[in-house]
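Open the model in your viewer and keep the selection panel at hand. Each stop below says what to select and what is there.

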Amino acid sequence: MPILNAIVHRIEKPGDATARLVAAEATLPHTDTLDTLLEGLNKAYHGKGKAWGHFPAEGTEQASPLAAELADYLADGRDFVALTRAIGERLTTLLDAHLSVSGDLVVLETRFGDGHFLTLALLHHREGFAVDPQLALVPARQLNLAQMSLAARIDLAQWQAGDSRQYLSWTRDRGGKALAEGFAALLGAVEGVDASGETRTLLKAFSDYVEKEDLAEEASREKTSALIDYASEQASRGEPITLEELSEVLDEQQPRAFYDHIRHADYGLSPEIPPDRKTLNQFRRFTGRAAGVSISFDSHLLGSSVEYDEATDRLIIKQVPRQLREQLKRQG
């Protein structure tokens, strides 16, 4: 059973009134409905834009109250109800300052294999419909997983092991900058890795690798698809891109070729990268062949290394690949 503990606290904010916490007094019993909620919550969370980081070091001015409370909880110093109520009280204060809607704070403690996680999400409601035992259509209020204002996940096992700086992730794509910063402060989170920037650097390293290897168009497309498929799958599972694993996916015959390329070129990438879904979705290759000319380049180069002038129908390449440049020089 992956769910160890689960609870729901309600935050009520009617109109312009002060927000208040309606705290649960006990955890939820385990049911099939709770398992289904966990599955939907995970899927919704993995699809959100997130920041990745860690708690500040102990004894610093930015020390996280949540980290201290979690440590107390894991040492059996407090129960799950008390732990989550403290989170709910701080979240109520944050909502009172930035949002004018009510919501339910869902907190789940789960275990998957060696992984141990705490997930919290503020969910709002939507009006839906149900059919009662008399087969009559009745209104029904439903938790709206798609409208996840604030959510976070802590890999408790990684945090306790002390060998990671990206065991904490949190949403930052709704409600504006002030709310996002306030939520990070509530968690006591320090951003340790820029998922979007790291993903872009990885794709740049891949583009350089394709150019260096002078791959044929079909091989280039196949490797691009393999990269995107692997990275997207990791994103959907909420797991990082592992560079060594990705290298094996790209070339089974030379499983370390791409990994060695990254290390020798010193891109500054971490061994594990949290994938940014938006950046991945924007990445694709433009290809074309006509009258003895074959062109292929990654979409992110358009506007920088490659420009297209629609008025004159001209493609301008600013940085000619080294192999092609040497051939042109010899021809001249």
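The tour starts with confidence, then takes the sheet, the helices on it, and the remaining helix pairs.

**Stop 1: colour by confidence**

This is a predicted model, so colour the chain by pLDDT before anything else. The chain averages 84, and 92% of the residues score at least 70. Which element has the lowest mean pLDDT, and which the highest? Select strand S11, residues 285-290: its mean of 66 is the lowest among the elements of the chain. Then select strand S1, residues 3-12, which has the highest mean, 95. Where pLDDT is low, the predicted coordinates should not be read in detail.

**Stop 2: the sheet as a whole**

Show strands S1 to S8 as a cartoon. These 8 strands form an open sheet, with antiparallel pairing. Step across it in the order S2-S1-S4-S5-S6-S7-S3-S8. Which strands stand at the edges? They are S2 (20-22) and S8 (190-193). Each edge strand has a single partner, so one side of each is left without a neighbour in the sheet. From one strand to the next, the twist averages 40 degrees.

**Stop 3: from S2 through S1 to S4**

S1 and S2 run antiparallel and are joined by 3 bridges. Pick Arg10; its bridge partner in S2 is Val22. Now turn to the other pairing of S1. S1 and S4 are antiparallel over 8 bridges. Select Val8 and look across to Val106 in S4, which stands opposite.

**Stop 4**

S4 pairs with S5 in the antiparallel sense over 9 bridges. Glu109 has Leu118 of S5 as its bridge partner. Next, zoom in on the turn. The S4-S5 hairpin has 2 residues between the strands, and Gly113 takes a positive phi near 60 degrees there.

Follow S5 to S6. How many bridges join S5 to S6? There are 15, and the two strands run antiparallel. Leu122 is a place to check: its bridge partner in S6 is Leu150. The S5-S6 hairpin has 5 residues between its strands. In that hairpin, select Leu135, which takes a positive phi near 65 degrees.

**Stop 5: S7 and S3**

Select strand S3 (residues 50-54) and strand S7 (residues 168-171). They pair in the antiparallel sense over 4 bridges. Trp52 stands opposite Ser169 in S7.

**Stop 6: helices on the sheet**

Bring in helix H3, residues 80-98.

The crossing of H3 and H5 is right-handed. Show side chains at the contact: Arg90, Leu91, Leu94 and His98 in H3 meet Ala178, Leu179, Gly182, Phe183 and Leu186 in H5. These contact residues divide into 6 nonpolar, 2 polar and 1 charged.

**Stop 7: H6 and H9**

Select helix H6 (residues 195-213) and helix H9 (residues 257-265). Their axes come within 10 Å, crossing at roughly 110 degrees. H6 and H9 are therefore roughly perpendicular to each other. On H6, show Leu202, Ala205, Phe206, Asp208, Tyr209 and Lys212; they meet Ala257, Phe258, His261 and Ile262 of H9. The contact has 7 nonpolar, 1 polar and 2 charged residues.

**Stop 8: H7 and H8**

Finish with helix H7 (residues 217-237) and helix H8 (residues 243-250). They pack at about 140 degrees, with their axes 9 Å apart. That angle makes H7 oblique to H8. The crossing is right-handed. H7 brings Lys223, Ala226, Leu227, Tyr230 and Gln234 to the contact, and H8 brings Glu245, Leu246, Val249 and Leu250.

Conventions. Residues numbered from 1 in each chain as written. Predicted model: local features only at pLDDT ≥ 70, side-chain atom pairs only at ≥ 80, totals over all residues. Heavy atoms only, no water. Axes fitted to C-alpha atoms, helices over the stretch in contact; angles between N-to-C directions. Parallel < 35°, antiparallel > 145°, perpendicular 65-115°, else oblique. Left-handed = near helix turned anticlockwise from the far one by under 90°. Contact = heavy atoms within 4.5 Å. pLDDT = per-residue confidence, 0-100. Pairing = 2+ DSSP bridges. Nonpolar A, V, L, I, M, F, W, Y, C, P; charged D, E, K, R; others polar.
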